[in-house]
Amino acid sequence: MSRIDGRVPDGATEITTGQANRVWYIGGREPYVLKHYSDPARAANEAAALRLLTHHHAPSPRLLHADVEGQPAWTAQSAVQAQPVPAEQFLDDLAGPLAAVHAIGGTHFGRLAGATRHPTWRDYLHDRLNLYTATTPDLATAAAALRRDLDRVNLDIEPRLLHHDLQPGHLVRTTDGLQLLLDWELAAFGDPISDRARLAVRLCLLSPQAVLAPGAAPAAHQRLDLYWRLHLLADAALATDPAVRAHALSLTARPPRRAQ
C-alpha cells in the first residue's frame, strides 16, 4: 500500500455523494477508497476515528493511509463491496453496529481530532450552541431556550464514541453479510443518545421518540428530545441544502417541551 500518495490514479471512478468532498474508488489487486476533503479538520477527525475503530475491530472501513495536512487533505480507506441497508430495515439492522461503536470510550468530549476537546459533555454542547448563534444570530432565542434546558438536565455521563451523522446510506451490508458504518468525519465522544437524536433529524421525524429502544428510562427520553432540538438547530444554522434547512427551521420555531 506504499503507492498510495493521495493523488487520483488513472482509471479511478468518482463516487462522490456529498457536497464538500470528492471521493474515488480505486480498483486493482488491493482496491481502496480515496477521499479528498475541503476541510482538513474533518480529514483529521475521520482518520482518528478510523484508527480507533480499527483498533477495536469495530464495524467500519480500515484506514490505510492519510495526509491531513496536505493540499487537499486526504484519507485512503479499505474498499468494501456493499450495498446500503434498505430503509425499512435500517433501524433494526443498526442496533448491532451501533452498540459496538458506543462500547468504545474516550477521555474527553467532542471531536476526536481537529477541534477543541472539552472536559464535560455540557461544555461541548454549549460550545456548539455558540457556533450556531455566531453563524445565524436569528437563532439566538431558540438557542437560549436550549441553554436553559441543558443546565436543567443531568448530563453526568462517560464519553462514548458517536458516529454523529447516522442516516440511510451510511449503514451498508457486504456481500458476505457484514454490516459496516461509513463516513466518520463528524465522529465525536459524547452521549450515545445524541446519535439517536441526530438520526431522528436525518429521518425528518416530527418527534424523535421512535428511534429510542422500547422501555428506555424517562431520563433517556428527556435527553433524546433535548439533543433532537439541538441537532435541528444545527441544521437550521449550518445546513447547505435549502430543504434540510427549511425543515429544521420549521421545527425549531415550535415551542419546546420543557425539560424537567
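Arg-22 is partly exposed, with a relative accessible area of 46%. In this predicted model, the side chain of Arg-22 meets that of Glu-14 in a salt bridge, with 2.8 Å from N to O. Glu-14 is likewise partly exposed, its relative accessible area being 39%.

Strand β2 (residues 22-26) runs antiparallel to strand β3 (residues 32-37), and 5 bridges join the two. Within this pairing, His-36 of β3 is the bridge partner of Arg-22. In general, the strands of a sheet pair through backbone hydrogen bonds, in either a parallel or an antiparallel sense.

His-57 is placed in the loop between α1 and β4, and its phi is near 55 degrees, a positive value in a residue other than glycine. His-57 counts as exposed, at 74% relative accessibility. In the loop between β4 and β5 (73-78) lies Pro-72, and the peptide bond leading from Gln-71 to Pro-72 is cis, with omega near 0 degrees. Cys-204 is located in the loop between α5 and α6 and is partly exposed, with a relative accessible area of 47%.

A second open sheet has 3 strands in the order β6-β9-β10, again with antiparallel pairing. Its edges are formed by β6 (82-84) and β10 (179-181), each with a single partner strand, so one side of each is left without a neighbour in the sheet. On average, neighbouring strands of this sheet are turned by 35 degrees against each other, direction ignored. The antiparallel pairing of β6 with β9 extends over 3 bridges, and Val-172 in β9 is the bridge partner of Pro-84.

The discussion now turns to the helices. The axes of helix α3 (residues 121-135) and α6 come within 9 Å and cross at roughly 30 degrees. This angle makes α3 roughly parallel to α6, and the crossing is left-handed. On the α3 side, the contact is made by Trp-121, Leu-125, Leu-129, Leu-131, Tyr-132 and Thr-135. The residues contributed by α6 are Tyr-227, Leu-230, Leu-233, Ala-234, Ala-237 and Leu-238.

Arg-223 forms one with Asp-191, the closest N and O atoms being 2.8 Å apart. Arg-223 lies in helix α6 (residues 218-238), whereas Asp-191 lies in the loop between β11 (188-190) and α5, so the pair ties together parts that are 32 residues apart in sequence. Both Arg-223 and Asp-191 are buried.

Another salt bridge joins Arg-202 to Asp-165, with 3.5 Å between the closest N and O atoms. This pair links distant parts of the chain, 37 residues apart: Arg-202 is in helix α5 (residues 192-202), and Asp-165 is in the loop between β8 (160-162) and β9 (171-174). Arg-202 is partly exposed, with a relative accessible area of 23%, while Asp-165 counts as buried at 14% relative accessibility.

Beyond these pairs, Arg-223 and Asp-191 being one of them, salt bridges that share partners join Lys-35, Arg-42, Glu-46, Asp-183 and Glu-185 into one network. Arg-42, a member of this network, is placed in helix α1 (residues 40-55) and is partly exposed, with a relative accessible area of 32%. Neighbours within four places in sequence left aside, Arg-42 is in contact with Tyr-37, Glu-185 and Leu-186. Arg-42 and Gly-114 stand 72 residues apart in sequence and 7.0 Å apart in space, C-alpha to C-alpha.

Technical notes:
Residues are numbered from 1 along each chain as its sequence is written. This is a predicted model: local features need pLDDT of at least 70, side-chain atom pairs count only at pLDDT 80 or more; totals for chains, interfaces and linings use all residues. Side-chain values use heavy atoms; hydrogens and water are left out. A salt bridge is a side-chain nitrogen of Lys or Arg within 4 Å of a carboxyl oxygen of Asp or Glu. Buried means under 20% relative accessible area, exposed over 50%, partly exposed in between (1.4 Å probe, protein chains only). Helices (H or I, at least four residues) and strands (E, at least two) are DSSP runs, numbered from the N terminus. Two strands pair if DSSP finds at least two bridges between them. Axes are lines fitted to C-alpha atoms, for helices over the stretch in contact, and angles run from 0 to 180 degrees between N-to-C directions. Angles under 35 degrees count as roughly parallel, over 145 as roughly antiparallel, 65 to 115 as roughly perpendicular and the rest as oblique. A crossing is left-handed if the near helix is turned anticlockwise from the far one by less than a right angle, and right-handed if clockwise. Contact means heavy atoms within 4.5 Å.
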